[in-house]
Amino acid sequence: MAKKANRSSATDSNTGNGGELHQTSQGDGRLTTNQGVAVSDDQNTLAVGPRGPQLLEDFILREKITHFDHERIPERVVHARGYAAHGYFQCYESHGHLTKASFLQDPSVKTPVFCRFSTVAGSEGSHDTARDVRGFSVKFYTDQGNYDLVGNNIPVFFIQDAIKFPDLIHAVKPAPDRGFPQAQSAHDSFWDFVSLTPESMHMLMWIMSDRAIPRSFRMMEGFGVHTFRMINTEGQSNFVKFHWRPKLGTFSLIWDEAVKIGGADPDFHRRDLFNAIAMKQYPEWELSVQVFSEDQASKFDFDVLDPTKLVPEELVPLTPLGKMVLDRNVDNFFSETEQVAFCPSHVVPGIDFSNDPLLQGRLFSYLDTQLSRLGSPNFHQIPVNKPKCPFANFQRDGHMQMDIPQGRVANEPNSLDDGTLREDPRNGFQSHPAEEAGAKLRIRPESFADHYTQARLFYKSMTEPEKRHIAGGFGFELGKCENAKIRTRMLGHLQNVDKGLADKVAVALGMQGQADSIQPAVKVGQPEPSPALSQYAKAPKSLTGKKIGLLTTDGVDAKLYKALLKEAKAEKAIVEVITPTIGTIQASNGDEIKPDHFLSGAPSCLFDCVVIAPSEANASMLSSEAAAVDFIRDAFAHLKVIGFTETASDLFQRASVATDADEGLVELSDGKPQKFVDVAKQHRIWDREPQVRSF
Ligand code: HDE
């Protein structure tokens with residue numbers, strides 16, 4: 001049959017296994033213009049004589065500079081800074097009883113995915129470790145079309161209605177008059193807005209918690225946030241909430257560490273993801289859903305259409321669906337990571353929406369933003385956005401049309417063309433026929449009115465260190481607000497969430513007894529803690545995927561070095577060597593070691609745990625380096641496990657850190673690192689924290 005309309009097929013798009021098919025031609029080795037003309041000289045512009053004027057005639061110069069002038073496109077209005085990778089999703093078994101979505105039927109099928117993580121407030125060039133929500137977007141290239149699950153690493157949101165989104169974002173982004181602060185919420189306009197928007201209280205608890213400063217994208221949970229529907233072949237609909245759980249466990253930074261990493265390595269998270277994939281340590285997440293019927297939902301004491309509420313796992317446990325593995329870095333950051341266009345409206349048969357008003361607003365917003373950002377309704381033709389299943393319709397023309405649709409007919413119905421495209425009533429997308437009726441109103445449902453109970457639930461479910469950090473987060477951020485009335489208002493809200501928390505924050509601010517009195521719209525509940533909400537209560541004791549920093553010098557003990565590498569390898573952790581200079585060093589047995597970092601470029605905040613082991617001959621040289629002293633001080637203040645050899649004792653004295661301060665200080669006697677590795681699996685020594693900071 002002749003090819004009709006703009007029909008594309010899996011064979012002319014990337015199959016997700018290597019990206020070869022959508023790469024630009026690499027040419028034949030000659031540098032050419034965009035018209036294929038070979039360039040003889042790429043160093044000099046055409047000019048009249050060696051020192052004479054340059055000629056407008058130089059089409060090679062003009063083509064190159066014009067293309068350069070147009071290289072930038074508008075950055076995303078939110079989630080501008082992101083990083084992505086390719087991979088696959090595989091379900092564990094058929095979930096046909098829940099949904100007819102084809103990618104959830106056959107465990108032998110690997111569905112290609114593209115996954116982008118992001119911060120929300122900062123510009124494309126901001127730093128990775130800002131306190132912020134992280135975006136967690138996944139595009140599934142299914143054989144029924146593309147499905148985008150555009151979620152966050154926090155399961156609730158600040159607002160209940162999309163009409164407030166521009167206000168929220170204007171409040172958090174740099175102030176329009178002065179153009180700062182960048183990539184942070186610690187300023188007056190953000191706290192003024194949220195303190196006047198009580199529905200944001202639950203999300204504020206999460207954003208002030210360690211969730212907002214993840215250790216790694218690989219160690220971060222993800223959530224679909226809204227309630228969605230799943231629909232099976234019988235047309236039965238259930239409500240679902242999506243959850244991603246990282247195989248490595250969920251870990252975070254300490255706030256002081258996040259601030260310092262922002263300067264030491266602004267690309268901390270993207271480098272971490274890129275390197276892990278390059279080293280074939282492929283990150284993995286489990287996708288689960290909480291499934292509940294509309295009937296069940298109507299009995300919950302909160303409204304499942306309200307995106308500021310979560311469904312506690314104690315109420316509805318998770319049903320695992322399958323796993324996602326990211327196993328391929330992008331070939332080109334701009335072409336793929338920048339140009340990928342996620343839209344919550346990209347769903348496949350078997351998945352449908354709920355009436356969550358925030359979700360409904362998003363269904364409009366994302367398509368619209370892609371048109372302005374990517375500049376054309378043909379953005380689906382960009383390789384990273386293109387479905388990998390056949391697709392065809394009568395949409396035509398537009399900027400940057402890449403396809404060459406065949407045939408005379410571009411309308412449906414038609415009787416002119418026998419092979420023309422037809423609807424598919426059996427398999428085509430069908431919306432769930434939910435019955436809707438009611439008056440047209442601008443009104444917030446009463447069932448959305450409780451803004452404090454789940455904020456309280458979250459706080460009560462935290463471990464002590466997590467509670468300390470939440471109080472510290474509020475203290476830091478509100479302390480940055482110049483306007484006292486914002487602080488007293490927020491203290492009033494915190495009183496409604498948890499009196500103990502409000503008091504701690506008031507002490508941090510030196511504002512005891514100054515909280516405004518804020519009357520909740522409805523009585524605040526007394527929820528039982530939900531242990532599933534705590535990161536640390538369920539954190540695995542493991543070094544897998546983590547980084548050990550070995551601070552050493554020329555003459556390092558070869559036995560210790562080798563043993564540390566071996567132990568780390570067994571735990572699937574990596575060791576990076578830091579020395580005062582970057583040149584090759586010699587171990588005690590004469591082996592050459594190429595350090596990964598030089599000391600002033602690699603503070604201890606870049607590592608999960610550290611070992612300090614200078615050679616005897618170079619120990620005093622290391623002790624005279626302020627960066628080495630700070631290395632220990634910071635590792636101690638960031639609650640890290642610190643291994644050391646006796647040769648480092650002078651350095652510890654200078655850092656005023658006692659080598660027997662707590663169980664997190666481990667001497668590596670006889671070149672044996674086993675005990676250190678064992679202790680380091682705890683990740684941090686939480687009991688040390690009250691000694692090193694009040695908040
Ligand atoms: Fe987004 N959001 N959002 N958002 N969002 C965008 O779309 C928007 C919301 C999320 O990696 C934009 O392509 C509105 C919730 C992620 O490319 C824009 C509302 C959640 C990403 C947009 C929300 C998200 C975006 C900007 C309130 C968690 C990054 C660029 C109704 C469930 C996607 C773009 C990527 C991006 C609008 C609220 C997640 C403007 C109007 C809730 C992960 O369309």
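Residues are numbered from 1 along each chain, in the order in which its sequence is written. Because the model is predicted, local features need a pLDDT of at least 70 and side-chain atom pairs count only at pLDDT 80 or more, while totals for chains, interfaces and linings use all residues.

The protein is divided into domain 1, made of residues 82-153 + 214-385, and domain 2, residues 541-692, where the bounds come from an automatic or database domain assignment. The C-alpha centres of domain 1 and domain 2 lie 36 Å apart. Even so, 13 residues of domain 1 are in contact with eleven residues of domain 2, and here two residues are in contact if their C-beta atoms, placed from the backbone, lie within 7 Å. On the side of domain 1 that touches domain 2, the largest share, five residues, comes from helix 5 (residues 255-264); helices (H or I, at least four residues) and strands (E, at least two) are DSSP runs, numbered from the N terminus. This side of domain 1 consists of six nonpolar, two polar and five charged residues, where Ala, Val, Leu, Ile, Met, Phe, Trp, Tyr, Cys and Pro count as nonpolar, Asp, Glu, Lys and Arg as charged, and the others, Gly among them, as polar.

We turn next to the annotations. In an unreviewed entry, UniProt gives the annotation "domain: Catalase core" to residues 32-420; UniProt positions follow the numbering used here, feature names are shortened, and annotations may be inferred rather than shown by experiment. The end C-alpha atoms of this span, residues 32-420, lie 41 Å apart, and the span is 22% helix and 19% strand. The unreviewed UniProt entry also places the feature "binding site" at R76, R116, F165, R362, Y366 and R373.

Two of these positions can be followed further. R76 is found in the loop between helix 1 (59-69) and strand 1 (82-91), and R76 counts as buried because it has 20 C-beta neighbours inside 10 Å. The terms work as follows: a residue is buried if 20 or more other C-beta atoms lie within 10 Å of its own, exposed if 12 or fewer, and partly exposed in between, with C-beta atoms placed from the backbone. Y366, by contrast, is found in helix 9 (residues 357-374) and counts as partly exposed, because it has 18 C-beta neighbours inside 10 Å. Leaving aside neighbours within four places in sequence, Y366 is in contact with F342, C343, P344 and S345.

The model also holds a ligand, which is surrounded by 25 residues, the closest being R76, H79, G135, A162 and V225; a residue is near a molecule if its C-beta atom, placed from the backbone, lies within 6 Å of it. Strand 2 (111-119), strand 3 (134-142), strand 4 (145-152) and helix 9 each supply at least two residues of this shell, and helix 9 gives the most, with six residues. By class, the shell around the ligand has twelve nonpolar, ten polar and three charged residues.

Away from the ligand, we can look at the nonpolar cores. A nonpolar core is a set of buried Ala, Val, Leu, Ile, Met, Phe, Trp, Tyr and Cys residues joined through C-beta atoms within 7 Å. The largest such core has 103 residues, and those with the most contacts inside it are M205, V505, V611 and I612. This core draws at least three residues from each of domain 1 and domain 2. Not counting residues up to four places away in sequence, V611 touches I548, L550, L564, G643, F644, L668 and F676. A second, separate core of 55 residues includes I231, F242, V347 and I351.

Finally, some features of the backbone deserve a careful look. Most residues other than glycine have a negative phi, and most peptide bonds are trans. A cis peptide bond, with omega about 5°, joins F180 and P181, and P181 is found in the loop between helix 2 (165-172) and helix 3 (188-195). The peptide bond from E412 to P413 is also cis, with omega near 5°. K572, although not a glycine, has a positive phi of about 55°, and K572 is partly exposed because 14 other C-beta atoms lie within 10 Å. D670, likewise not a glycine, has a positive phi of about 55°, and D670 is exposed because 9 other C-beta atoms lie within 10 Å.
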